[in-house]
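Here's a quick tour of one model, going from domains to sheet to core. Keep the viewer open as you read.

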Amino acid sequence: MNWIYIFVTGIIFCAGIIIFLIGRLYRVRDQLSMIQEALQDIRHGNMNRRILTRDDDMVKDICRQINAITANSQTQIVRLNLAEQRYKQLMTGLSHDVKTPLTSLVGYLEAVQDGKVSGAEKEAYINVALDKAHDLQRFVESLFEWVRLDAGERPFQLENTDLNELSREILAGWIPVLESSHFTYQIEIPETEYFLQIDRNACTRIYNNLIENVLYHSQGNAISLRITENDACVEILLTDNGKGVPIEDLPYIFERLYQADKSRAGRGNGLGLAIVKELVAGHGGSIKAENLPESGIAFTVTLPKNRLIT
Amino acid sequence: MRALLNLIQIEFLKLRRKKFVAGMLFAALIMPVIAVFYFGMLDTKELDPIKFYKWATLSYTPWILLPVVLGVLSTLLMYDEHQNDMLKQLWVVPIGKLAYFFSKFFVMLMYSNVFMMISAIGSILAGLLSGLIPLTAPSLLFLFGKCLEISLLAPAAMLPVLALAAAQRNYLLPVGFTIIYTFFGFILLMTNMYLHPLSAMTAILVRNDPVVILNEPINTGKAFLVLGIWSLISTIGAGFALRRSL
Amino acid sequence: MDNLAIECRQLTKRYDEQSVVNQVNLNVKREHIYGLLGRNGAGKTTIMKMILGLTAPTSGEVLIFGMPLQRNEKRLYPRIGALIEKPGFYPNLTGTENLEIFAKLRGTTQSDAVRKALDVVGLPYQDRKIFGQYSMGMKQRLGIANAILHDPELLILDEPTNGLDPIGIAEMRAFIHNMSAQFGKTILISSHILSEITLLADDIGILHNGILLEENTIAELEKKNRKYIQLEVSDAAKAVLTLEQDFSIKDYSVQDLHLLHVYDTSLDMGKINQALIQQGITIISAQRCNDTLEDYFRKVTGGEGIA
């Protein structure tokens with residue numbers, strides 16, 4: 001009698017194992033057909049497709065690897081699309097930025113040539129035309145500068161320089177302009193020396209573009225600048241009390257031709273901050289912008305200390 | 001199958017930090033403690049352990065305490081998801097409505113098992129420590145066998161409450177219903193035990209007990225049929241209610 | 001690959017003879033942000049619930065990635081992340097525990113998905129705080145974390161900025177923008193605030209009393225939002241000279257040899273016309289574009305406006 005019990009128990013045990021294995025097989029088969037379907041979708045270009053798995057699935061690792069691959073290509077595709085889109089925007093923006101001063105310039109010169117004006121008025125017309133030509137020239141130059149920076153073709157002449165001394169020199173030139181534009185200013189530069197690897201021209205350009213940006217776009221009337229240091233780097237903090245930048249636009253203000261003011265009013269060619277970003281990067285540093293809690297914007301330029309940039 | 005196992009596992013995760021759910025288990029010890037005083041006062045000599053167990057664990061505990069506790073538990077299991085509007089988040093996972101209902105039922109099953117085991121062990125300890133009963137193998141076998149029967153049948157008998165909780169947003173109605181439901185289960189045992197799942201359950205439990213005399217001969221098949229029908233109706237009703245829950 | 005993520009055809013929902021949603025044809029393109037704009041009670045939530053299969057439509061159908069949801073639940077739900085009305089979670093569990101439950105239910109696309117999702121929304125991982133003690137803002141964040149936990153292709157977000165403070169609103173916007181700009185997700189978002197939609201969306205649907213009044217791209221609508229005078233003249237160079245000299249206008253742009261945009265719309269057009277004609281410039285057309293989007297929406301909704 002006993003061996004029958006053992007036999008039956010054995011059979012039940014085996015049947016249990018078989019049922020378990022069949023269940024497992026079905027689950028894997030289901031998942032394989034799911035993977036198959038997802039792969040087909042991915043092959044048709046849907047890089048957003050993901051495959052979900054649980055931690056105890058047999059096919060977990062395969063699915064996760066497929067997910068990693070698609071996620072990766074998706075980021076790359078999105079980046080390429082974005083670059084293309086921005087390139088298109090650049091071209092349309094560019095054509096308006098060139099056309100507007102050029103048309104006006106033609107207008108003035110034609111008036112002079114047609115003899116519509118004479119004497120002092122003629123002189124004035126020619127001056128206006130010349131100004132416009134200069135504007136255009138400056139725009140083309142900064143565009144060229146930016147393109148060279150963007151392509152990494154500008155050579156940086158880094159020399160060991162005292163940032164504080166250089167900053168004082170540059171800002172001294174700006175003080176009359178600030179005063180005549182009715183800006184109050186507060187400048188805190190330490191008396192000590194901060195020696196860094198600096199390209200003098202680039203540094204001047206960084207200051208000029210940042211201050212011009214405040215003067216012409218912030219709509220504020222106060223500017224403050226402070227230089228501080230810590231163990232690893234030197235920070236230049238420039239703030240104003242203007243209107244700031246809408247938070248959704250903040251990430252883009254260092255991109256070429258970005259203008260917060262969408263009606264394209266006012267002067268400026270939208271290249272200033274893009275150039276600053278490239279120049280700071282050329283020093284191995286970084287720049288960020290944040291809105292201040294009350295009003296205005298704060299630019300922080302971070303330059304690394306004592307490091308040779310190649 | 002695996003999906004259901006996963007759901008059941010998750011149901012237990014949801015009970016973390018629910019002190020009330022754990023606290024209700026103490027109700028299992030009420031009857032054993034009272035039994036010690038009851039038999040102690042009677043001052044009977046040579047008390048039959050089976051008689052003690054019947055009183056301490058197999059009477060009011062399955063008739064009243066366990067149904068009420070399970071009713072409250074089923075309300076609690078459903079309440080959070082209803083109250084916090086979570087069902088829509090669960091349906092888009094997606095989770096099957098019936099799988100959801102069964103996973104709750106399974107929690108009740110496990111809970112009633114633990115409850116009855118606590119009650120059984122409580123009775124044994126209470127009886128031994130007070131010196132009222134000796135430890136005998138047949139009585140232990142009887143006790144644990146009955147406890148297993150109770151813990152399997154009681155959740156099935158309480159399915160109507162779980163279904164009502166699935167259909168209701170607030171907890172007052174299912175809790176109130178639990179008390180009335182339990183009460184009627186108790187009353188109907190004496191008049192017509194084939195109407196109410198709880199009385200049918202009791203009938204199955206006392207099927208070959210010579211001491212209990214009911215006004216009708218016990219027909220286990222009929223009792224199981226009653227339980228089955230009520231369970232089916234509850235499940236269908238719950239499925240319907242959950243589908244309309246939004 | 002079918003180009004639409006969501007396609008609603010003649011979608012209608014009636015409660016006791018009163019239609020809440022009426023024959024809506026809504027089309028959400030892949031990798032676009034679609035903004036569903038409408039006042040409270042316009043039927044936005046009902047449409048989203050019907051899309052998600054949480055409410056059955058009275059008539060009409062919804063296709064998601066070209067398939068009906070019914071009988072494709074297991075295939076489609078894992079590709080959708082949703083936040084409908086207030087997000088609900090288990091009040092006795094921490095944020096991490098709550099998400100772990102959903103991760104276990106759905107499965108995940110990568111290891112430590114819970115931690116990454118919490119990172120994205122800025123909630124701490126392994127925090128002791130239980131959901132019952134969360135502030136409104138934290139609850140909303142956890143809702144978002146749950147919606148992106150399985151890295152879905154399609155996000156359906158119902159009024160995601162509701163109940164958030166200004167900083168929270170700005171962060172939520174940045175998050176939604178990021179999801180689209182960095183990861184190329186398709187997003188359907190509803191709002192009763194016009195500016196919110198115009199800031200985020202690529203396409204917009206205007207819902208009013210259950211009817212989809214207009215469905216268009218934002219770029220197309222923005223054309224209706226420009227404030228300038230468009231002058232079409234025979235000679236732009238001459239015209240520019242007159243504008244600068246006689247009216248001292250500096251704020252303009254030249255579109256091409258004949259087309260000018262002047263951004264000061266308060267100018268006296270009569271005088272400008274006269275001056276231009278005097279200079280021998282022919283004016284082919286002059287058009288004042290002075291509509292704001294708000295004005296436009298007031299027009300399409302029959303004077304009631306949106307927000």
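## Domains

Domain bounds here come from an automatic or database domain assignment. On that basis, chain C of this predicted model splits into domain 1 (4-222) and domain 2 (227-290). Taken over C-alpha atoms, the centres of these two domains of chain C sit 46 Å apart.

## The sheet in chain C

Chain C has an open, mixed sheet of 6 strands, ordered β7-β8-β9-β4-β10-β11. β7 and β11 (211-217) are the edge strands, each pairing on one side only. On average, neighbouring strands are turned by 15° against each other, ignoring direction.

Look at β4 (33-37) and β10 (203-208) of chain C: they run parallel and are joined by 4 bridges.

Helix α5 (136-148) of chain C has 13 residues and spans 19 Å, close to the expected 18 Å. Its buried residues include C:Leu142, C:Ile144 and C:Ala145, and their cover includes β7 (80-83), α3 (95-106), α4 (113-121) and β8 (154-158) of chain C.

Which residues have the most contacts inside the largest nonpolar core? They are B:Leu162, C:Ala145 and C:Ile156, in a core of 132 residues. Helix α7 (97-129) of chain B gives the largest share of this core, 11 residues. A second, separate core of 34 residues includes A:Leu210 and A:Val301.

Key. Residues numbered from 1 in each chain as written. Chains lettered and ligands numbered in written order. Predicted model: local features only at pLDDT ≥ 70, side-chain atom pairs only at ≥ 80, totals over all residues. Helix = DSSP H or I, 4+ residues; strand = E, 2+ residues; numbered from the N terminus. Expected span 1.5 Å × (residues − 1). Buried ≥ 20, exposed ≤ 12 C-beta atoms within 10 Å, placed from the backbone. Contact = placed C-beta atoms within 7 Å. Core = buried A, V, L, I, M, F, W, Y, C linked by C-beta atoms within 7 Å. Pairing = 2+ DSSP bridges. Axes fitted to C-alpha atoms, helices over the stretch in contact; angles between N-to-C directions.
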